[in-house]
Amino acid sequence: MILPPATQTALEDAAELFRKARRVVVLTGAGISTPSGIPDFRSEGSGLWSHDEPMEVASLNTFRTAPERFFHWFRPLAGRILRAQPNPAHQALADFEGAGYQETILTQNIDGLHQKAGSKHVVEIHGTLRTLTCIQCYKQLPSKDFLNAFIENGAIPLCLNCNGILKPDVILFGEQLPQAAWQAAQRATRQCDLMLVIGSSLEVLPVAGLPIQALDHGAHLIVINNTATYVNVRADIIITDNVATIIPEIMRRAIHG
Ligand SMILES: [Zn+2]
């Protein structure tokens, strides 16, 4: 592959930071999963969902007052997520951890693709689609069986216990972050000496504040995203390119020198 010289230099510099780091935190957003066919549902005009306003339909309020609207909106997204496979960026991050480096992934994504790729230390800051919780009796269930039926025939998943509606354990707009995950994210951020931001425009609080916390604790910062973020001015390295190409190039250099 032919990369521009400036990108080559940035890749070498990034790999060097990875080789030297003792604790790496990788913060991933929707941009790492778009090459796997999952559109960024938060950004406007992303095809399938452009006729609905995600902030409104994917909110806790809509789920409570009109769950069928939420599920109607969510159905094509859930289908995409269940069929999606990790791309070379997910794989490269799993390979880096597999090579013996201390790496924690903090992800804003609910697609489980880091785990599918083999990453072990993954904190799902915005929740997960792998489980559902009953809004009446709080029983938690694995989502796989329910989701397949839901995607095929649109049946709203109901609790086997009490017939209450099962809510995917994903964090909706207007909902608090899962406390344990958020604390784990902050702890990892304070302890890391290198943070890599991938595919997040860092516009959603409080996650957007994590890179600043890392910098304030003396960590290096690398940002790989297709648009500028507010922390770019403080980043050591900024790469604006396809993540599925760039991440494997960095990790290959970091692991093999
Ligand atoms: Zn129930």
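Modeller: A pocket here is an open set of points on a 1 Å grid over the protein atoms alone, where a 1.4 Å probe fits and protein lies on both sides within 12 Å along at least five of seven lines. The model is predicted, so local features need pLDDT of at least 70 and side-chain atom pairs 80 or more, while totals for chains, interfaces and linings use all residues. Residues count from 1 along each chain as its sequence is written, and side-chain values use heavy atoms, without hydrogens or water.

Colleague: What volume does the second largest pocket have?

Modeller: About 280 Å³, taken as the space filled by probe spheres set on the points.

Colleague: Which residues line that pocket?

Modeller: Lining residues have an atom within 4 Å of a point. Here they include Ile81, Leu82, Asp111, Lys116, Arg130 and Leu147. Two or more lining residues come from each of α4 (67–83), β4 (127–134) and α7 (144–153); helices (H or I, at least four residues) and strands (E, at least two) are DSSP runs numbered from the N terminus.

Colleague: Is strand β7 mostly covered or uncovered?

Modeller: Buried means under 20% relative accessible area with a 1.4 Å probe, protein chains only. In β7 (residues 194–198), five of five residues are buried. Leu194, Leu196 and Ile198 point one way, and Met195 and Val197 point the other way.

Colleague: Which strands pair with β7?

Modeller: Strands pair if DSSP finds at least two bridges between them. Strand β1 (residues 24–28) runs parallel to β7 over five bridges, and Val26 has Leu196 as its bridge partner. Strand β8 (residues 220–224) is also parallel to β7, joined by five bridges, with Leu221 as the partner of Met195.

Definitions and conventions: Buried < 20%, exposed > 50% of the residue type's maximum accessible area, 1.4 Å probe, protein only.
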